[in-house]
Structure formats: structure tokens, C-alpha cells
Amino acid sequence: MAFVKAQKTKAYFKRFQVKFKRRRAGKTDYRARIRLINQDKNKYNTPKYRFVVRFTNKDIVAQVVSATIAGDVVLAAAYAHELPRYGLEVGLTNYAAAYCTGLLLARRVLKTLEMDDEYQGNLEATGEDYSVEPADSRRPFRALLDVGLLKTTTGNRVFGALKGALDGGLDIPHSDKRFAGFSKDSKQLDAEVHRKYIYGGHVSSYMMNLMEDEPEKYQTHFSRYVKKGLEADNLEQLYKKVHAAIRADPTAKKSEKQPPKQHKRYNLKKLTYEERKAKLIERLNALNAAAGADEDDDDDEDE
Amino acid sequence: MPAGHGQRARTRDLFARPFRKKGPTHLSTYLRIYKIGEYVDVKVNGSIHKGMPHKFYHGRTGRVWNVTKRAIGVEVNKQVGNRIIKKRIHVRVEHVQPSRCHEEVLLRIKKNDQLKAEAKAQGKIISTKRKPEGPKPGFMVEGATLETVTPIPYDVVNDLKGGY
């Protein structure tokens, strides 16, 4: 084999500086995090809340979090997998589901802080840009949107969740530039289009397209919708019902979890410090005892 | 070219980040709170260019006299000629660490308050003053054997045997 000079020598590893753990994992953007968390020093211990939205392949996570040195503290969280409780069983990661999750989180937060009567938010989702008006008694709950690492293009689902939280009554500084339905040419938000997206209109039109052009593909793609009996027309009223159900009871429900099963152990369990010392003492004693017996025999030989 | 005397002159090593600690600063720097009257150490973080103190103050400890949005006002002693002036500087929080110089005093205050409260409950009078270490108490020397050592008379003959 040809002589290859070692690329990563010992010296390379000695000088290598690892990035922060969450940066190595590619999960946290520290530049953005510093700016989101930094609280004015003359506000001392006042928490600064972030409205965190993250998307997985099959779920949406929305949380209201504040940061401390010991770790971030979650004030309230809402997941898309909770939406079946409110009547939405399919399409849990689309724009409309993101809106529902944001709305659920907002109502939940306001309920735990007992502000839900003062700040009802926007009861009828019209897609227009809505900001909470401060009421007489308390100022609205303020949080800052934390998108994480995703690309903030116009019409991204994260802004659907933002819209849900805004309509739910949270005060989140924003602009309507990135809502679905904002057109770059006219530099205006088309509230109608945005409303369509909030009520799953874009999904409905695709369903209708497929039903006409490729019925087999429709059956495979929207099989779970078909099983639940959801047609393109009744999506809007389904979402209206879900919104009403969310506003009626946003409290989180504790899920019953069995304690995890005890599995058979296939490898040896690691011993504790005391156990290892005890074992060593036993071995030495055994050795001494055996040596004592041998010594009497050996002595005659050595001599 | 003559030597420059700018604000950051001769700070190549002083303001350099430590080995393998370059890059973003960790978040706890930004999450700490400082109250007026606390003691802080000024330690420059070379990667944050705003709100840097002058190199003189690197390594100094002072008291907080002001808290603004992103910075802390620190009062530091500086010897100017034949006197010491209390200088008030403003420093961003990245260049400041809470000082442990006062930690022992604060712990002692807490402990003393607790002891005084207990004594009051029992009706006893205690003194919480610190006492300096006194002279060691006397002790008996154990396990010593006495060896008397006497000088031997000088023997010229034997000593010169080695050569002279």
C-alpha cells in the first residue's frame, strides 16, 4: 500500500476545540439563542419568555420557555399529538394543525396565569394581522418567537403556529411579511389566502384536484382522511370545531404511563467503588490464606 | 516605526482567549444578575469588542455602583501618583465575573445570624467574634528514646592517615 501521511495526528486532536454540545448535535443556534435570552440587567430576575416552535416528521412541539443558569424552564407546552383530544385526528403537521397547536399553547399559558378572561384574543380566525390590545388591569403576556434552525420563508408552518398564538392572546412581536398569503409584489398580506391556509384550504384544494385527476393516488395519499370520512368540503368546519374545543378546555391532561418493563440483563452490572474494594480485600485475604498454607511447604524446598 | 500607545496597546496576550476556549461565550455569562454593592472581578473577554474596559482594569476587583441595560458600572481603586482614586467605569457583562472575595464574609454573616438567633431562643449570650490562632498548647513528647551524644577527643594520628 502506498505511504499515506497520517492526516489527524495526535497533535491535531490535542489542539482540537470542540464546539458546544448542542452545536455539535446541530440542534441549537447559539448566536440566536444569546440574543433571545439576554435580559436587560436593570430588569434583574424578570424572566424573558420564548415561544419555541419545533417540527418533527410527525409532530409539532410548541413551548413557552424561560432560561436559567440551571437550565431552561418550560412554563407550558402543547403538542400536535394532543389535537386528537379536540377532534383533529389527521394532518397533524400541516399549517392548520400548527395554528391549532399555537392556539392551544396560548390558551393554556393564559389559563395557568389566570389571564384567559382578560385576553380572549381573536375569536374568529380571519387571517388578518391581529395584535393583542393591552387591557386595563395587566399587560399582555409577552414572548419572543424562537424558530430554531429552520428557514423563515413566507408561508412556513412556524408562522402558522405564531398566528395561532397571536389569535390566542399572546403578545409576540411580529410582522405579517412571512404569513402564508403575503405577496412580495404588492407587499401586502392577502387575508383571504391566509384564512384559507388556517382552515386547511390548501389541503382541500389538493384533495379536490387529486379526486378529479388521479383518484388512485388520492386514495393512497389521503387514505387516513378517507377512513375518517373527511372530505375536502368539511375540513373548514372541522377546524372551526377544533378551535372552539381548544378555547373551551385548554388544560393539559396528565397521561397515564406504565412504569417501564424490567428487561433481562445480558451484560454484567458495573460494580460500585465499595463493591470493588470489598472484592479486592476478599481476593487478598484468599491469596494470603493460600500463601500461608503454601509457605509452610515452600520453606522446606527453598531452604 | 515608533511604539504605539493606543488603548489596546500591548494587549496581544492579555486579551487573547484561553486555549481551546475560543468562539461563542457560554450563556451563563448573560444570565447572571448583578446588584448594586456586589463585588465583581473585571476580566476582559477578547471576543466581545463592545464595552471593553481599559487594560489597566483587567484583573481588578471592584463594587457595582450602577446597572444599565447591557453593562455594569464598577468602582475600582487605581493608584495615581501618591494617592488611590476610586474610578467608576462601565463594563459590559461579558467582561465581568462575580467575585468570590466577599463570599466568606457573606457566609459568616449568615452563620452568625443563625447562631445569634439560636442563642436568643435559649437565652444565652454568645460572642460571634473571630479569634486569631493562639500559641500551640503544651504537649508531652511520646515515644522518644534518649541518646546522649558527647564529643570524642581529637585524634591527630587517625585523621592524618588519609593523606596531607
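Just after helix 6 of chain A, A:Gly200 has a positive phi of about 70 degrees. Helices (H or I, at least four residues) and strands (E, at least two) are DSSP runs, numbered from the N terminus. The model is predicted: local features need pLDDT of at least 70, side-chain atom pairs count only at pLDDT 80 or more, and totals for chains, interfaces and linings use all residues. Residues are numbered from 1 along each chain as its sequence is written, chains are lettered from A in the order in which they are written, and side-chain values use heavy atoms, with hydrogens and water left out.

Helix 6 of chain A spans residues 191-198. Its buried residues are A:Ala191, A:His194, A:Arg195 and A:Ile198. Buried means under 20% relative accessible area, exposed over 50%, partly exposed in between (1.4 Å probe, protein chains only). These four cover an arc of only 100 degrees around the axis, so they sit on the same side of helix 6 of chain A. The arc is taken from the directions from the helix axis to the C-beta atoms. The elements of chain A that these buried residues pack against are helix 4 (95-112), helix 5 (157-168), strand 6 (188-189) and helix 10 (235-248). Contact means heavy atoms within 4.5 Å.

Now the interface. Chain B contributes 20 residues to the contact and chain A 19 residues. The two chains bury about 1900 Å² between them, 64% of it on carbon and sulfur atoms. Buried area is the accessible area (1.4 Å probe) that two parts lose on being put together, summed over both. In chain B, B:Leu27, B:Tyr30 and B:Leu31 lose the most area to chain A, together 30% of what that side buries.

The rule finds one salt bridge across the interface of chain B and chain A. A salt bridge is a side-chain nitrogen of Lys or Arg within 4 Å of a carboxyl oxygen of Asp or Glu. A polar contact is a pair of N or O atoms within 3.5 Å; within protein, one must be able to donate a hydrogen and the other to accept it, and residues adjacent in sequence count only if both atoms are side-chain atoms.

| Pair | Type | Distance |
|---|---|---|
| B:Arg70 – A:Asp40 | salt bridge | 3.3 Å |
| B:Glu75 – B:Arg88 | side-chain polar contact | 3.1 Å |

B:Glu75 lies in strand 3 (residues 71-80) of chain B. B:Glu75 counts as buried because its relative accessibility is 15%.
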